[in-house]
Amino acid sequence: MGLDDKAKHQVEDAKGKAKEATGAATGNDGLKAEGKDDQGQAKAKEAGRHVKEAGKDVKDTFKS
């Protein structure tokens, strides 16, 4: 986990925003919803990455 995962999550979020905007512009509610879902998944993955890093920090604190 690290910058690679963060970048992947940001790309996934950007793709979701693009899908949502395209769906809104074309009146395609399905594409709009899919874009919002993609953004939600990216945010959840990023939150999971933060939790994992925080857990590692706590573990390292007790190792010392």
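Mentor: Contact means heavy atoms within 4.5 Å. The structure is a predicted model, in which local features need pLDDT of at least 70, side-chain atom pairs count only at pLDDT 80 or more, and totals for chains, interfaces and linings use all residues. Residues are numbered from 1 along each chain as its sequence is written, and side-chain values use heavy atoms, with hydrogens and water left out.

Trainee: Among contacts between residues at least 6 apart in sequence, what percentage joins residues at least 24 apart?

Mentor: The count takes contacts in the protein between residues at least 6 apart in sequence. Of these, the share joining residues at least 24 apart is 50%.

Trainee: How many helices and strands does the protein have?

Mentor: Helices (H or I, at least four residues) and strands (E, at least two) are DSSP runs, numbered from the N terminus. The protein has 0 strands, and its helices number 2.

Trainee: What distance does helix α2 reach from its first C-alpha to its last?

Mentor: Helix α2 covers residues 29-63, which is 35 residues. The expected span is 1.5 Å times one less than the number of residues. For α2 this expectation is 51 Å, and the helix comes close to it, reaching 51 Å.

Trainee: Which helix is included in what covers the buried residues of α2?

Mentor: Buried means under 20% relative accessible area, with a 1.4 Å probe and protein chains only. In α2 the buried residues are Gly35, Asp38, Gln39, Ala42, Glu46 and Arg49. Their cover includes residues 3-26, helix α1.

Trainee: What does the C-alpha trace of the protein span along its principal axes?

Mentor: Of the 64 residues of the protein, 20% count as buried. Along the principal axes, the C-alpha trace spans about 55 × 15 × 10 Å.

Conventions. Buried means under 20% relative accessible area, exposed over 50%, partly exposed in between (1.4 Å probe, protein chains only).
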